[in-house]
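Me: I'd like to go through this model with you, one question at a time. Could you start with the burial cut-off we'll need?

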Amino acid sequence: MQYMIPGNLILAVAIFAIGAGGVLWRRDAITMFMCVELMFNAANLGFITLTQSLGRPEGVAIFLFVITIAAAEAAVGLALFIKIFDDREKIDAEDLNLLQR
Amino acid sequence: MNLNLFYFHVVDSLLLTSPLLLLMIAAIVVLAADVMMPRDWRGALPWIAGIGVAASSLALAGTGINGIALTLFNGALVIDRLTFLSDAVILGGALYLIAISPRWLRGRWVPQGEYYALLLFATMAMMALAHSNELLALFLNFELLSISFYVLLGIEKRNPRSSEAGFKYFIIGSLAAAFLLMGIVFIFGATGGQTRFEAIARALDGGAVRQPLFMAVGLGLLFVGFAFKITLAPFHMYAPDVYDGAPTPVVAALATGTKVAGFTALFHVVEMVARWKGLPVGVWGAFYAAAVASMVVGNVGAVVQPNIKRLLAYSSIAHSGYMMIPLAVVLAPRPDLIGAARDAVAYYLLAYTIMTLLAFGVISTLAPEGEGPIAAWAGLGRRAPMRAAFMALAMLSLIGLPPTVGFFGKIALFGVAIDGAHIRLAVIGILASVVSVSYYLRVVIAIYMSEPAEGAGRVGFPNAAQTLALVVGAVCVFVFAIFPWLYSG
């Protein structure tokens, strides 16, 4: 039997690539973080697709855990952003250069 | 599995993970005590944390060491020789850092309860990551460790450098987690929905993997996630900045514990694929390239660093490169060398942890003057002879001079490369060590052969706990070199 690659998996990889590109090229902290979330959700899409095409339920379980972890990470990340925002007007990765001197 | 057996399995699993559970309980007790105790009893917090780590160590000793690998919680976690040794190293490091921390924290804007609680959570996460034996458990423990460190690195209030270090680690850490997760998607798909490492290894052996390319891509992405975590070149860019800005004891935990846990987990992944006949050569190439690149980038980058913490960041990149040598050899493929590689990596993790913790311990006691440029260390040999000697000892051990742990660790690592007929890797490692002499000796020269700057008086004394920790660390540099069987049994 020819093994078909589900179309959604290709979509997931494309979204993952867009997210990775965004983290590398965008310099605004919030946008960078959004791109990381995009990468997480691309992986989630992959799990859901595989659950359907392989007929194994573990994918959905992993998906639920990932959603929870991503929420915890977002909470900590946004708290860090607010802490930085207290020190300066905007959160731009270009301006975060205290440590290179 | 029938219900009765399942019940015993869960009880067994809970008993065998009691070192982790005790750390979690201690962390919660610290948090509760911080809120409920009167303010001037804050000094008890490190004691509570220390007792928690000590109890966890006793529980670990109780679980004992044997050659048999046990899987817990239906295969989510594993206990074997390697995890026992890395647990011991992680707990020892945690106790050392709890002894170093109170004096360092004095006069700084750091919330005490959260600091010790998060240190315990991070320690627990390190141990859990080392035990991971299943893809989901791997991801969860990876993230538990990352999230603890996002907060710990940026915990110092009114210090924009600490916030910046936390921010940089946050972006890089979540990027690493995303790569790891995407790798898991590919492996999950390629093996037809397997998540446990043994099941994946069986699927690979039995030829059940329909898309070897998918498996290879998955392993590659997984490796990128790990590479960020254990600072392998070319995913190391964040390390110098993060090490420079963050609180020194936290950096010490990041530089040692994270690597012990990350390398142990990565070793389990390597064990999983080592016997796969169809292992694409690209996976081996990635490990080989990361080993060489880290040794080169780490050692060359450190040569020009004027700042002690940045220097140690590059040094940690270089040492990760050395530790990749046995993994690259095993994937060459030489699955017969896996036992030797395990022993070499376990011993080097211990050696690296001892000498790096000793160096960061001395830096912590010299804070804040000693945390910046190496020039500030000039003439330390006369101003603080004991700590100067300890720092010099750490530097000589990091170079790998006998009779220190660093020397025997490197012998073990390069020995695996020679046994596996990868002489080139061993030669690169030795040349990289020769380059490393230049920058480690720069610190020693500053300590003993430079005149102190005008107006540099006596530096502050370390307190009793710090002195004890440093002495124990310095003794360990020799003890585990002369009696390696104390560690590996």
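Predicted model: local features only at pLDDT ≥ 70, side-chain atom pairs only at ≥ 80, totals over all residues.

Me: Is E371(B) buried or exposed?
Reply: The cut-off for buried is under 20% relative accessible area. E371(B) has 13% relative accessibility, so this residue counts as buried.

Me: Which residue meets E371(B) in a salt bridge?
Reply: The partner's side chain comes to 3.7 Å, N to O. The pair links distant parts of the chain, 263 residues apart: E371(B) lies in the loop between α14 and α15, and its partner in the loop between α4 and α5. That partner is R108(B).

Me: In the salt bridge of R42(B) and D34(B), which side chain counts as buried?
Reply: These two side chains meet at 3.0 Å, N to O. R42(B) has a relative accessible area of 28%, so it is partly exposed. At 14% relative accessibility, the one that counts as buried is D34(B).

Me: Where is the kink in α11(B) centred?
Reply: Helix α11 of chain B covers residues 248-274 and reaches 38 Å, close to the 39 Å expected. Of its 27 residues, 26 are buried. The kink is about 25° and is centred on L254(B).

Me: Which helix gives the most to the lining of the largest pocket?
Reply: This pocket holds about 790 Å³ of space. Its lining has 25 nonpolar, seven polar and no charged residues. With 11 residues, the helix that gives the most is α4(B).

Key. Residues numbered from 1 in each chain as written. Chains lettered and ligands numbered in written order. Heavy atoms only, no water. 1 Å grid on protein atoms, 1.4 Å probe; cavity = no way out; pocket = protein on both sides within 12 Å on 5 of 7 lines; lining within 4 Å. Points joined across faces, edges and corners; volume = space filled by probe spheres on them. Helix = DSSP H or I, 4+ residues; strand = E, 2+ residues; numbered from the N terminus. Nonpolar A, V, L, I, M, F, W, Y, C, P; charged D, E, K, R; others polar. Expected span 1.5 Å × (residues − 1). Bend = angle between axes of the 7 residues up to and from the residue. Buried < 20%, exposed > 50% of the residue type's maximum accessible area, 1.4 Å probe, protein only. Salt bridge = Lys/Arg side-chain N within 4 Å of Asp/Glu carboxyl O.
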